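Subject: Structure handover

Hello,

Please find the structure below, followed by notes on what was found in it.

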Amino acid sequence: MKIKKVICSPGKTGFYFDDQKAIKAGAKNDGAFYVGNVMTPGFTSVRQMGESISILFVLENGAIAHGDCAAVQYSGAGGRDPLFLAENFIPIIEKEIRPMYEGKEIGTFREMADRVDKYTNAEGKQYHTAIRYGVTQACLDAVAKSQNKLMAQVIADEYNVTIADTMIPIFTQSGDDRYQNADKMIMKGAAVLPHALFNHVADKVGLKGEKIEAYVEWLRNRIIEHKPFESYHPTIHIDVYGTLGLVFDNDFKKIAEYIANLAKIATPFHLRVEGPVDMGEKEAQIVALAEIRHQMELLGTEAEIVADEWCNTLEDIRDFTERKAGHMAQIKTPDLGGINNTIEAVIFCKDNNMGAYLGGTCNETNRSAEVCAHIAMATKPVQYLAKPGMGVDEGYMIVFNEMSRILALKDAL
C-alpha cells in the first residue's frame with residue numbers, strides 16, 4: 001500500500017511555550033501571563049501560545065494516518081531545539097519531508113521512521129525534533145492502518161516486546177495550581193502525582209526549601225484524608241527544576257540530605273524528586289546526579305531522583321543510564337525526535353536498571369498523547385505522563401482512555 005498524499009495543517013497545543021530562563025531570572029506571574037523580559041531566542045513574550053503541525057498521510061485505501069509535530073513547554077532551554085512555530089516549519093515539511101513519503105510504499109515502521117529521523121543535511125544537521133516527532137507518529141499509524149493492527153501491536157512485532165496486560169501507572173501534573181489540581185488527582189486515583197512545578201526559589205521552593213516541605217506534608221495528609229479507595233497508595237513525584245542546586249549552592253551531600261528528609265515527610269508514600277540541580281551542561285549534570293544518587297545511597301533513603309534537563313536525546317539517556325546519573329530518566333518524547341528513539345530509550349533503560357519514565361510535555365496534543373499511549377503499553381515503562389495540558393482532567397482522560405482501548409482491543413484484532 002502506498003501513501004498517496006502528505007498534507008500539513010497548523011494546530012494548537014494543550015499548553016504554552018514558556019521562556020524558562022526568564023522565569024528562573026524572576027519573571028512574575030500575572031494571571032495566566034508572565035511579566036518580564038524574554039531571554040531565550042525566538043520568544044516574543046515570556047509565555048506564548050503553543051503551536052503544533054498535524055502530519056496527515058492519505059493512504060491508497062482512503063484511510064488517513066495522523067501524527068502531530070509538537071515541542072516542549074521549555075523550548076530552547078537545557079540543550080533543546082529552538083522555538084517551534086508552525087509558519088516557520090510547514091514550508092520545510094512541504095518542500096523536504098513530503099517527497100520522502102508521498103507516492104512511496106508503506107514498509108516497516110523502523111525503516112519509515114529512519115528516513116526522516118536519521119536524515120542529516122550537508123552541514124550534518126538533523127530536522128527539528130518536533131518535525132521528526134510528528135512525522136514518525138504518522139509513519140507508525142500508517143503501518144498500523146496498512147496491516148489492520150493497533151500501533152502498539154506494530155511496536156510489539158518490530159521490537160520483540162509484549163503488550164502490557166494492565167494499565168501503565170499514570171503520572172499527573174498540576175502546573176502552578178498545585179493544591180486544587182492535587183485534589184483532582186487524588187479523586188481520580190492517579191498512581192503518581194503531582195509534579196507541582198517548583199521552578200522559583202523565593203516564591204515556590206523557599207530559601208531553605210521550607211515551602212516544598214510544607215507542601216509535601218500537606219499533600220501526604222490530603223491523600224490520607226481523601227483517598228478514593230482503601231488501597232490507594234500513590235507515588236509523590238515533584239519537579240524542582242534545578243532549584244535545590246540554588247538553595248544549597250550545589251552541595252550534593254546537603255541536597256541528598258534534604259531529599260532524604262523530604263522522603264520522611266512524605267511517608268508512607270514513596271518520593272521522587274525530578275531535576276534537583278541544573279548544572280548548565282550535560283557532563284556536569286551527569287556528574288552531579290551520579291554523586292547525589294551516591295550520597296542518597298549512603299544515607300539509606302529509598303527516595304529517588306529523576307534526570308530531566310540535559311538528558312534529552314537517546315544518546316543522552318544512554319549516557320545518564322550507564323553512569324547511574326539518577327534513579328530514573330524522563331524520556332521527554334518530543335526532545336528525542338522520532339518516536340523510534342523513544343521506544344528504544346524505554347527498552348534501554350529497562351535493560352540497564354534505570355527507571356523509565358515515559359514523559360513528554362504539557363505542550364503536546366491529544367494525538368501525540370494517544371500515540372505515546374501505544375508506546376507505553378508496548379514497552380511498559382514505570383510510569384506514563386498524563387498529557388497534554390495542566391488541567392489534570394483532560395490529559396488524564398486522554399491517556400487513560402487510549403490505554404483502556406488498547407487493553408480491550410489487543411486480543412480481539
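A residue is called buried here under 20% relative accessible area, exposed over 50%, and partly exposed in between (1.4 Å probe, protein chains only). By that rule, 58% of the 413 residues in the protein chain are buried.

This is a predicted model, in which local features need pLDDT of at least 70 and side-chain atom pairs count only at pLDDT 80 or more, while totals for chains, interfaces and linings use all residues. Residues are numbered from 1 along each chain as its sequence is written, and side-chain values use heavy atoms, with hydrogens and water left out.

Overall shape: the C-alpha atoms of the protein chain fill a box of roughly 60 × 50 × 40 Å along the principal axes.

Cysteines: a disulfide is taken as a pair of cysteine sulfur atoms within 2.5 Å, and a search of the whole structure finds zero. For Cys362, the closest cysteine sulfur is that of Cys372, at 14 Å, which is too far for a bond. Cys372 is in no disulfide either, its nearest cysteine sulfur being that of Cys69, 13 Å away. Both residues are buried: Cys362 has a relative accessible area of 2%, and Cys372 has 1%.

Regards
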